[in-house]
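Hi there,

Here is the structure I promised to pass on. Have a look at it first, and my notes follow below.

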Amino acid sequence: MHFPTAGGPIFRHLRTWHAVPAPLVVLAVVVLLVLLPSDGARSVPNSPCRPAGSAREGAPATPDLDGDGFVDLVHEISSRSLKVDVVVVPGSEHGPDHGRTTVLTQDDLGVPDDIQTGDDPWQPTVADLDEDGHADLVVSGAAQVLWGGPEGPRADGPRGRVPLPGSGYGTAPIAGDFDADGHTDLVVFRFSNEDQELVVLKGPFKRSGAPARTVEIPSPVHEGASPVLVAGDANDDRATDLALYDSPWDPPLLFTGGARTAAGLSDEPERLPEGENVVFGDFDGDGRQDVAIGRSFVDSDDEIDTPHRRGQVSVRYGQEPEKWVTMEGGGFAEGFGARLAAGDFDADGCDDLAVQLTRKKETGDARIEVLRGGSEYGLGSKPWRATERSVPGDDGPVDGTLFTVHDWDGDGRAELALLGEDRWWITDGTYRDEASFPLTPGKGQGS
């Protein structure tokens with residue numbers, strides 16, 4: 001099973017997907033979380049990272065489907081059943097509660113069979129599309145919506161479907177307020193060979209799933225590319241910006257939001273330094289989001305040798321938007337920078353950066369180093385923390401790879417969610433587990 005947000009032994013990139021009948025392959029969906037205004041950057045007593053600037057307007061809202069204040073572990077996967085399943089592990093003061101896991105099946109979700117398919121678990125989009133105060137769930141390339149309620153989206157609850165123009169969608173839309181009008185919008189990449197484009201669906205949305213308006217933008221990447229989309233606020237203007245990355249022929253691109261255009265996005269994207277992934281985080285604790293780009297130099301094709309050089313991470317801090325700082329890590333050809341995720345692991349008010357190393361994208365040697373954020377220099381404060389997890393596989397051990405980062409137990413400190421073969425690990429970014437349990441119910445007892 002594979003997922004592009006994590007990289008590693010068993011991971012295949014999105015651009016290998018193609019449209020075939022559902023019974024022949026399995027589905028995966030790239031989705032990110034909605035960006036909504038927060039109550040302000042967290043201030044930690046006596047921390048040098050206490051924010052001095054604006055609130056973190058671009059920080060992602062947590063995927064809290066039932067509204068209990070705890071982050072839920074939500075993923076979409078169908079590699080076992082050849083059907084689209086969304087698995088929800090509810091959050092709690094002890095982290096993800098595997099004993100209360102809920103599985104929403106393809107029939108529950110109303111996802112049709114004739115959708116484009118893959119075989120990776122993803123984080124479905126969680127956003128309040130109809131502005132009723134409850135989180136909604138958007139899944140699959142069909143952009144199927146399961147409307148939320150006081151207890152979260154339910155299998156027997158109301159459903160809708162966001163109408164996407166034409167065909168050629170392998171991912172669910174991501175969410176954010178791209179035109180800064182106070183309503184949540186959706187953006188998705190259409191990678192049909194006949195007509196590649198970005199599709200912006202303006203909120204608010206009706207219960208049918210219909211947006212207020214749809215705007216189509218010609219593709220900013222080369223034909224045949226299938227970039228991953230990620231949202232954040234790169235310029236501290238309260239509008240969500242849009243980054244596209246991991247195209248084999250294009251550098252990462254950044255569209256700024258809040259523009260005076262029909263879509264709310266800038267007419268032309270900014271070309272970012274070369275790399276294979278992009279994340280947003282406040283690494284120096286000034287209240288502004290910074291941008292980090294990973295470049296491992298590891299090719300997606302394992303038959304191509306990795307250059308004998310160290311991987312790198314380039315960072316642009318919000319207070320110095322014209323300057324990029326590049327750090328190298330790991331050993332030669334170890335793939336430092338293959339995957340990135342931001343989170344405050346030590347609760348000091350500065351985001352830290354989890355960086356995955358992988359010698360080959362399809363082999364099982366993944367590990368993660370956590371770079372500490374700091375108010376004076378931002379990222380790079382040492383000592384870095386390292387973690388790795390392995391499970392037996394048919395071809396030898398399979399390492400747990402980086403899936404996502406959240407504060408799963410609500411204690412103010414972020415944890416890593418690693419996924420390897422059929423098992424989750426929730427870890428504090430060191431060799432200590434906070435939880436470990438099977439990927440889906442019925443796979444054995446969690447610990």
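To start with a question: which residue lies over the face of Phe332? That is Arg310, at 4.3 Å from the ring centre. The rule for a charge over a ring is that NZ of Lys or CZ of Arg is within 6 Å of the ring centre and within 35 degrees of the ring normal.

Before you read on, please note that this is a predicted model, where local features need pLDDT of at least 70 and side-chain atom pairs count only at pLDDT 80 or more, while totals for chains, interfaces and linings use all residues. Residues are numbered from 1 along each chain as its sequence is written, and side-chain values use heavy atoms, with hydrogens and water left out.

Now the aromatic rings. The count comes to 1 aromatic pair (rings of Phe, Tyr and Trp, the last by its six-membered ring, with centres within 6.5 Å; planes under 30 degrees apart are stacked, over 60 edge-to-face, the rest tilted). The centres of Phe403 and Trp424 are 4.9 Å apart and their planes stand at 75°, so the pair is edge-to-face. It links distant parts of the chain, with Phe403 in strand β26 and Trp424 in strand β28, 21 residues apart (strands are DSSP runs of E, at least two residues, numbered from the N terminus). Both Phe403 and Trp424 are buried, meaning under 20% relative accessible area with a 1.4 Å probe, protein chains only.

There is also an open sheet of 4 strands, in the order β4-β5-β6-β7, with antiparallel pairing (two strands pair if DSSP finds at least two bridges between them). β4 and β7 stand at the edges with a single partner strand each, so one side of each has no neighbour in the sheet. Strand β6 is joined to β7 by 3 bridges, and Val145 stands opposite Gly160 in β7.

Best wishes

Methods. Buried < 20%, exposed > 50% of the residue type's maximum accessible area, 1.4 Å probe, protein only.
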